[in-house]
Amino acid sequence: MANLNQNHERGQWGSKLGFILAASGSAVGLGNLVKFPAMAGLNGGGAFVLVYFIILFLVGFTLMLAEIALGRYTGLNPIGAYRKISKKWSWVGGLGVLAGFMILSYYSVIGGWVIKYLVKSVTGGLNVSDPGMLGDAFGAFITSPGEPIFYHGIFMLITMIIVIKGIGGGIEKSTKLMMPALFVMIFLIAVRAMTLPGASAGIRYLLVPDFAKITPGVILAALGQVFFSLSLGMGAMITYGSYLDKKTNIPQSSTIIPLIDTGVALLAGLAVLPAVFAYNLDPNAGIGIIFNSFPAIFSQLPMGGLFSLIFFVLVLFAAVSSSISLLEVCVSYVVDEWKVKRLVATSVIGVALFLIGSAASLSLGAWSDFKILGLGIFDFLDYGSANVLLPLGGLLLCIVVGWFWGTDNAIKEATNNGEVEFKLAGAWIVLVKYIGPVAIAAVFIQKIMELLG
Ligand code: PHE
């Protein structure tokens, strides 16, 4: 059979390492550095982490392999990929592209906040030891009409420039630079935080589960977080898989990427929570942990300004390496299906994202009265994508791969026709056909009820 992926118009990863770094770059993002510590703080620390791990093993690896295999087999964007399995499933890919578009529109707004805080850490604006004062400044900033939109525009522009340069020259090249730097920086920050006097309470909070705290709410929060953090359920990994050559070992890649993602999330937790406990701050402060508590702590340390700066550079790298994958999903669809040039597709989609993101940003301030299904624009985009479209996409992925494409075909693709070993193939079949769909259906129903009620 002709190699479906030898389409040089679409592009291809230059090396196996390049693919691993780009895919881990997609996975490692604001979800790891901002959401994971915040959610662990909010949902009982160790209890949340334990449940996260169980779900990661049951669903995370399973769907990662399914998406990458489906992408490489078809060599197409999510819509094309599902259509290739069967015409009647192409809409599943459509939901994915929509989810990617929705996520990126507000993700880019948060990316803009990170740039602003990066600038602030250079100009000394974060040199304030009172987290309450920092919190007030943060609230005033994100609700103001002009500045956050300006920074959101810069973030979007950076994302567009990389995607315009294509797979090898843009995405692969930039993630090859950013990811190793990111690993070094997160390690530095985590070690600094864990060696603060009094840090052990935070480490214990994160790593020792209190079983009484495992509630249905915690389980559902962890399931949603696994999807978001691993970039699953919307076809980002289908798209990245579509640029793979036929020799790559898919079972191995689908193990390494979730491990890297989880390692970084844990290091982020170990950077943030020990520091929060050492300074007697509130672990339940949500996103404020990152923008307020953390800078307040570092402002009191020798060379603290430098650590704040490193921290925000790190978060920015993580955010950009994810946002490019979100944009790439939308661009690959338009380039594949409408035969539009990459430059044109990226520019038009980028401008549309900038406009919708600006509305999301305004919804935190001036436009806060405008509601969709009871939610402001920002929250609607976040809830609708991360909590509804991603689990739904994951559920449908299990059904299409497990029951329509067929696990035999999927395993054949994943093992390069039996050439590479996949010891857990038997377990994977059970997970993708039965356990995955049932587990995801549970979270999905819960989220729908949350939206309605
Ligand atoms: N995984 C990214 C993060 O943790 C977000 C993301 C979701 C990226 C879905 C692509 C697709 O920040």
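The model is predicted.

Rolling a probe the size of a water molecule over the atoms shows where empty space is left. Here there are two cavities of 30 Å³ or more. The largest cavity holds about 140 Å³ of space. Its lining is made up of 16 residues, and nearest the centre of this cavity lie Ser26, Tyr107, Phe228, Ser231 and Leu326. Helices H1 (16-27), H2 (30-42), H5 (90-123), H10 (216-229) and H14 (304-338) each give two or more residues to this lining. H14 has the largest share, with three residues. By class, the lining of the largest cavity has eight nonpolar and eight polar residues, and no charged ones.

The second largest cavity contains about 70 Å³ of space. It is lined by 14 residues, of which Tyr82, Val92, Gly233, Met234 and Gly235 lie nearest its centre. At least two residues of the lining come from each of helix H4 (78-85), H5 and helix H16 (377-414). H5 gives the most to this lining, namely four residues. Eight of the lining residues of the second largest cavity are nonpolar, five are polar and one is charged.

Next comes the largest pocket, with a volume of about 720 Å³. The pocket is lined by 27 residues, and the closest to its centre are Lys35, Met39, Ile287, Asp382 and Tyr383. Two or more residues of the lining come from each of H2, H5, H10, H16 and helix H17 (425-452). The lining of the largest pocket divides into 17 nonpolar, five polar and five charged residues.

The last stop is helix H6, which covers residues 131-143. This helix has 13 residues and spans 18 Å from its first C-alpha to its last, close to the 18 Å expected at 1.5 Å a residue. Which residues of H6 are buried? They are Leu134, Phe138, Phe141 and Ile142. Seen down the axis of H6, the buried residues fall within an arc of 85°, so they line one face of the helix. An α-helix has 3.6 residues a turn, so residues three or four places apart point the same way. Met133 and Asp136 are exposed on the other side of H6. As for neighbours, the buried residues of H6 pack against H5, helix H7 (147-164), helix H13 (288-298) and helix H15 (342-362).

Key: Residues are numbered from 1 along each chain as its sequence is written. This is a predicted model: local features need pLDDT of at least 70, side-chain atom pairs count only at pLDDT 80 or more; totals for chains, interfaces and linings use all residues. Side-chain values use heavy atoms; hydrogens and water are left out. On a 1 Å grid over the protein atoms alone, a cavity is a set of points where a 1.4 Å probe fits but cannot get out, and a pocket is an open set with protein on both sides within 12 Å along at least five of seven lines; lining residues have an atom within 4 Å of a point. Grid points are joined across faces, edges and corners, and a volume is the space filled by probe spheres set on the points. Ala, Val, Leu, Ile, Met, Phe, Trp, Tyr, Cys and Pro count as nonpolar, Asp, Glu, Lys and Arg as charged, and the others, Gly among them, as polar. The expected span of a helix is 1.5 Å times one less than its number of residues. Buried means under 20% relative accessible area, exposed over 50%, partly exposed in between (1.4 Å probe, protein chains only). The arc is that of the directions from the helix axis to the C-beta atoms. Contact means heavy atoms within 4.5 Å.
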